[in-house]
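Please examine the sequence and the three-dimensional structure shown below before reading on.

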Amino acid sequence: MFRNLLKQDHAITLSVNGKSVAACTDDTVATALLKNGITSFRMTSVSGAARGPYCCMGVCFECLVTIDGETNRQACLVPVTPGMAIETHTDGSQSSKDHGHDR
């Protein structure tokens, strides 16, 4: 569903849940994950429902991931960098800080 409309002249590699994925230098983390078929970024702490980007502008907090060891980062606001390590929270491992964001 998500794809680049422009040429990927500046491809970089990221690690997502321990696997290498390709991204463009002008992608955000959310964009890179979506383009690689990763649509579930976290599970809600109350119901366990899958969550992914919703607003893509930093308002909804549905796209929280761990980036380079820092938890609860909004994937839609963080530009990718080469070698970045990203972890989704689809295994119930979300941080204790993730409260009040379930909808």
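This report describes a sheet of strands and then the salt bridges.

The structure is a predicted model, in which local features need pLDDT of at least 70 and side-chain atom pairs count only at pLDDT 80 or more, while totals for chains, interfaces and linings use all residues. Residues are numbered from 1 along each chain as its sequence is written, and side-chain values use heavy atoms, with hydrogens and water left out.

**The sheet**

In general, the strands of a sheet pair through backbone hydrogen bonds, either parallel or antiparallel. Strands here are DSSP runs of E with at least two residues, numbered from the N terminus, and two of them pair if DSSP finds at least two bridges between them. Five strands form an open sheet in the order S2-S1-S7-S5-S6, and the pairing is mixed. At the edges are strand S2 (19-24) and strand S6 (70-74), each of which pairs on one side only. On average, neighbouring strands of this sheet are turned by 40° against each other, direction ignored; the axes behind this value are lines fitted to C-alpha atoms, and angles run from 0 to 180 degrees between N-to-C directions.

Strand S5 (residues 64-67) pairs with S6 in the antiparallel sense, over three bridges. Within this arrangement, Val 65 stands opposite Arg 73 in S6.

**The salt bridges**

A salt bridge is a side-chain nitrogen of Lys or Arg within 4 Å of a carboxyl oxygen of Asp or Glu. The structure holds four salt bridges, including those in the table.

| Residues | Distance, N to O |
|---|---|
| Arg 42 and Glu 62 | 3.1 Å |
| Glu 62 and Arg 51 | 3.0 Å |
| Arg 73 and Glu 70 | 3.6 Å |

Arg 42, Arg 51 and Glu 62 are linked in a network of salt bridges. The pair of Arg 42 and Glu 62 links distant parts of the chain: Arg 42 belongs to strand S3 (residues 42-43), whereas Glu 62 lies in the loop between strand S4 (50-51) and S5, 20 residues apart. Glu 62 also meets Arg 51 in a salt bridge. Because Arg 51 lies in strand S4 and Glu 62 in the loop between S4 and S5, this pair ties together parts that are eleven residues apart in sequence.

Arg 42 counts as buried at 1% relative accessibility, Glu 62 at 4% and Arg 51 at 18%. In the salt bridge of Arg 73 and Glu 70, Arg 73 is partly exposed at 25%, and Glu 70 is partly exposed at 45%.

How values were computed
Helices (H or I, at least four residues) and strands (E, at least two) are DSSP runs, numbered from the N terminus. Buried means under 20% relative accessible area, exposed over 50%, partly exposed in between (1.4 Å probe, protein chains only).
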